[in-house]
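I opened this entry to look up cores and pockets. My notes follow the structure.

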Amino acid sequence: MTRSPKRPPAGLPDKDTLLAFLREAGSAEKTDIARHFGLKGGDRRALREMIRELEAEGKLGKRGRKGFSEAGALPPVGVADVVERDVDGELYVRLVEASPDAPRAILVADNDRPGSAPGLGDRVLAKFSRGVDGWEARLIKKLDTETNRVLGVIRKSNKEIRVEPVDRRSKDVLLVPHAQGADLRDGDLVLAAIERGEQRYGPKRGKILETIGREDDPRAASLIAIAAHNVPMGFSEKVQQEAQDQELPSLKGREDLRDLPLITIDPADARDHDDAVFAQRDEDPKNPGGWIVWVAIADVAAYVRPGTTLDREAREKGNSTYFPDRVEPMLPEILSNGLCSLKHGENRACLAVRMIFDKDGRKTGHKFLRGLMRSHASLSYEQAQAAIDGPENGGGTDEVTGPIMDLILYPLWNAYRAMLKGRLKRSPLAIESPERKVLMDPGGGIGTIEPRKSLEAHRLIEEMMIQANVCAAETLEQKKTPLLYRVHDAPSQEKLFNLGDFLQTIGKPWNKGEPATTKRFNKLLDETRDTPHAEVVNEVVLRTQMQAVYSPENVGHFGLNLDRYAHFTSPIRRYSDLIVHRGLIRGLGLGKDGLTDREIAELPAIAEQVTMTERRSMAAERAAMDRYMAAFLSERVGATFTGRITGVTRFGLFVRLDETGADGLVPVSTLGGEYFHHDDRTHALVGERSGQRWTLGRTVEVKLVEATPVTGGLVFEMLSDPAPRDPNAPAARLGVRGRGGDGFPKRGGGRPGGPKPRGGKPSGGLKGVRKGKRR
């Protein structure tokens, strides 16, 4: 946490005083600096000029979107690598991905945990501060990078037993002693460790740590993803016992909401229900046409208390991880599907917010309370949508009774349509990113892969959850209670320039110097929606965005176009939301199980942890989906498909199939009998002699030539013809990419017959989200 230095006499500081303030505070925004020194009017303008001068002199650096810190300063908390040991045995760390001249910090020993001491090459989460002799790093935790482990498939022969890695990027094929592999079968999935020693040549030696399953198991995709990304599985006996011992809280200290007709609307296969909603007309004559919207969230904080083993394991997991055939939950099932789940007709503890909106969707007030509720109905999105659509629009009311329709669904939809006016005025980023879902057959195999439907019911719940999240952030700020923000920074200038370069190739103007706003992006998306470029423009705009993260410091949420935002609505499956719940309990005096002083001190570390676990889960879910796709398509090798080029690299083209959404690679070595060079400005592979081009976003026909379920790799052969030479391209540009200064191609260029890359998938970009899962 940054500290607030003692306030000095009012007046414009000199540069040394300003730097001293930032050195002590860690970082601050211009408004904070002006407030600290009591600056007004002309002094504020002079401060802005002073900051610009210090930036030009290299004495100030940016911190977040609006903040500043002294150049060379380290953040309060960060991830670092142990990079050096001096002659006295002291270890030094440097921030991950920092520049070579970035300051290093001496790692201060943790005498309370001698067994946790890191060594050279380890990665750590550390708290940074300035010491007498320079920067110091105090260990928060050692991060397990698992660099010596290999997840692979056993391949047995008379001569040897090999472990072939399932990770497409790994080259560590291991040899296992016959004595150790006697009980292993060809095709077993195993976790192996690389044996450390003096071996310098030939395949590395390994030992088997654990047998995971079989490569031909339909569930292998999830098992591999879980093991490869170190997603924690299961719970300790102590956690299970703590969960078993929990009981439903009484009405003491709670408001009785059981007569309020709250309902849950979730996916049809949902097993945990963490949010319920209800809406009614506002009878206040001062708010004609206005609405009262209730959002009630499972009160997980009543069961998962700070300092317990249950809390520690939930924090370590960070969030639930979802696969087509299973869920690795953050909380034991007795809580996630039991006491914490807002089941129909059962009393449940909740933390609820009552929001008031005017007829134009503007929120005019809200109030949080801790209550006891009872869900009056449990509907799927499809049931709710069909009931609202009615028989005349292909829906029906057979599964939803009249009172639920009249008293609950109609008011919900009418309230949402008022809220929608406010959303449209706010203009959040309107990227359309279609998702696919894998449907398993009764035998555990893959039944089909189909697009996820986007219903108005999804958007209704999403908007109500977003508004509840805004209320949580506003309340915690008003109560001056620290919190975890969900922040999403604006795109960088580099990404905006790259977007402008691409749009130029499709004849779409884009002023690179104009600031990024959601309205500007939405205008671009609207203008291209009904054109052949709609899908690729969506994809490129998506890749232009920064990744959303958790942080105790607020920089706003660019994508939602909100000044403040916090996750509050999914505490069963996100630890960040549980922290926000505890903050509200503390700030509003709703109980003794609120946020502790220790948690407040650890908020930067918690933010790092839950951001890491979210990305770990996203990577595992994507990897599993790749493998399910490859398994589904493995019986269709030789078939032809239509698709679109979604990635252009020096080693080939990534193509996404229209039918399944699967991504695969067309290796550059298969494109023709000439060199193809990557023109990153126009996002194209260009033939050296012919000038023929393969460009981003183009619709093509391909043949599937290889599908490898164990790695998730798909390799295609291009059947379409390239586009002709660009008549406007300068002759000097053709063949420039991929050549060395002597005019000869660099290694890895498009040489016919060269090494064929293994199938894969382009990285980058935010994925579409469901029901506030990660927004």
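I take a nonpolar core to be a set of buried Ala, Val, Leu, Ile, Met, Phe, Trp, Tyr and Cys residues joined through side-chain atoms within 4.5 Å. The model is predicted.

**Cores.** I looked up the largest nonpolar core and found 51 residues in it. F521, L653, L671, W694 and V702 touch the most other members. Helix α16, residues 603–633, gives the largest share of this core, with eight residues. I then asked which residues L671 touches, leaving aside those up to four places away in sequence. They are L653, V666, F676, L685, W694 and M718. I also noted a second, separate core of 49 residues. Its members include I265, I297, Y381 and M419.

**Second largest pocket.** I read off a volume of about 770 Å³ for the second largest pocket. I counted 23 lining residues, and the closest to the pocket centre are I140, R315, R598, E602 and A605. Which elements each supply at least two residues of this lining? I listed β7 (123–131), β8 (134–143), α6 (309–317), α15 (597–601) and α16. By class, I have nine nonpolar, three polar and eleven charged residues in the lining.

**M618.** I found M618 in helix α16. Is M618 buried or exposed? Its relative accessible area is 13%, and the cut-off for buried is under 20%, so M618 counts as buried. I also checked M618 against Y322. The two are 296 residues apart in sequence, and their C-alpha atoms are 8.9 Å apart in space.

Notes:
Residues are numbered from 1 along each chain as its sequence is written. This is a predicted model: local features need pLDDT of at least 70, side-chain atom pairs count only at pLDDT 80 or more; totals for chains, interfaces and linings use all residues. Side-chain values use heavy atoms; hydrogens and water are left out. Buried means under 20% relative accessible area, exposed over 50%, partly exposed in between (1.4 Å probe, protein chains only). Helices (H or I, at least four residues) and strands (E, at least two) are DSSP runs, numbered from the N terminus. Contact means heavy atoms within 4.5 Å. On a 1 Å grid over the protein atoms alone, a cavity is a set of points where a 1.4 Å probe fits but cannot get out, and a pocket is an open set with protein on both sides within 12 Å along at least five of seven lines; lining residues have an atom within 4 Å of a point. Grid points are joined across faces, edges and corners, and a volume is the space filled by probe spheres set on the points. Ala, Val, Leu, Ile, Met, Phe, Trp, Tyr, Cys and Pro count as nonpolar, Asp, Glu, Lys and Arg as charged, and the others, Gly among them, as polar.
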